[in-house]
Amino acid sequence: GPAMIVAGAGSGKTRVLTYRIVHMLRHEVDPFQILSLTFTNKAAKEMRHRIYAAVGPEARNLWMGTFHSIFSRILRSESDRIGYPRNFTIYDSDDSKSLIKTILGEMKLDDKLYKPSNMLGRISAAKNALVSAEEYMGNSEYFENDNSSGRPKFGHLFKAYQDRCFRAGAMDFDDLLVNTHKLFAN
């Protein structure tokens, strides 16, 4: 069954997961039925290398990687179910920041008050709490907080950013997580 390992750096998480997967493969569990998610590319690469050394080429059939890489892979085959093209673009932080700057200019908002990096951080925090732009806009508490901080247009900025990404067939790194959640939930 499922297992989650939570421990500090250098405690042997990668080793524990590696041995568990090797054990499963040696007991004839189909590698396509195994999903292993890590936070870093380094851990994923190390796990794959160790498993390959233990069981051979069968390790190539594992679903193993970082949350972002695996979720991207899932979305590449299923994104049409949530309205995105399968060949969607993934925006890096520079792409996202550039889009925010463009929207700020179009909305004639002060980029000193609405600092692009801060706005991206706030959008990211909302997405990580699974709050969509529409939900954000409809929440009076968020509006009051934005208004009292002197940024009453943040909700509109968030909505414009999401709409623009969607129309461009693009997702940022947070969208990879949120949209996979949406896909599985629906």
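Tutor: Helix axes here are lines fitted to C-alpha atoms over the stretch in contact, and angles run from 0 to 180 degrees between N-to-C directions. The model is predicted, so local features need pLDDT of at least 70 and side-chain atom pairs pLDDT 80 or more, whereas totals for chains, interfaces and linings use all residues. Residues are numbered from 1 along each chain as its sequence is written, and side-chain values use heavy atoms, without hydrogens and water.

Student: At what angle do the axes of helix α1 and helix α2 cross?

Tutor: The axes of α1 (residues 13-26) and α2 (residues 41-55) cross at roughly 35° and come within 10 Å. These helices, like the others, are DSSP runs (H or I, at least four residues; strands are E, at least two), numbered from the N terminus. α1 passes α2 in a right-handed crossing; that is, the near helix is turned clockwise from the far one by less than a right angle.

Student: Which residues make the contact?

Tutor: Contact means heavy atoms within 4.5 Å. On α1, the residues include Leu-17, Ile-21 and Leu-25, and on α2 they include Met-47, Ile-51 and Val-55. By class, the contact of α1 with α2 has 9 nonpolar, 2 polar and 4 charged residues. In this count Ala, Val, Leu, Ile, Met, Phe, Trp, Tyr, Cys and Pro are nonpolar, Asp, Glu, Lys and Arg are charged, and the others, Gly among them, are polar.

Student: Why are α3 and α9 called oblique to each other?

Tutor: The axes of α3 (residues 67-78) and α9 (residues 173-185) cross at roughly 55°. Angles under 35 degrees count as roughly parallel, over 145 as roughly antiparallel, 65 to 115 as roughly perpendicular and the rest as oblique. The angle of roughly 55° falls in the rest, and α3 and α9 are therefore oblique. α3 passes α9 in a left-handed crossing. Among the residues of this contact are Phe-67, Phe-71 and Leu-75 of α3 and Phe-173, Leu-176 and Phe-184 of α9.

Student: What makes Asp-146 count as buried?

Tutor: Buried means under 20% relative accessible area, exposed over 50%, and partly exposed in between (1.4 Å probe, protein chains only). Asp-146 has a relative accessible area of 1%, so the residue is buried. Asp-146 lies in helix α7 (residues 140-148). Beyond its neighbours within four places in sequence, Asp-146 is in contact with Arg-122, Tyr-136, Arg-151, Pro-152, Phe-154 and Gly-155.

Student: How do you know whether Thr-66 is buried or exposed?

Tutor: Its relative accessible area is 8%, so Thr-66 is buried. Thr-66 is placed in strand β2 (residues 63-66).

Student: Why is Ser-79 counted as buried?

Tutor: The relative accessibility of Ser-79 is 0%, so Ser-79 counts as buried. Ser-79 lies in the loop between α3 and β3 (89-91). Leaving aside neighbours within four places in sequence, its contacts are Tyr-84, Pro-85, Arg-86, Phe-88 and Met-171.

Student: Which residues touch the most other members of the largest nonpolar core?

Tutor: A nonpolar core is a set of buried Ala, Val, Leu, Ile, Met, Phe, Trp, Tyr and Cys residues joined through side-chain atoms within 4.5 Å. In this core of 20 residues, they are Ile-100, Phe-154, Leu-157, Phe-158 and Tyr-161. Two or more residues come from each of α4 (93-107), α5 (116-128), α6 (133-137) and α8 (154-167), and α8 gives the largest share, 5 residues. Not counting residues up to four places away in sequence, Ile-100 touches Pro-116, Met-119, Leu-120, Ile-123, Leu-157 and Tyr-161.
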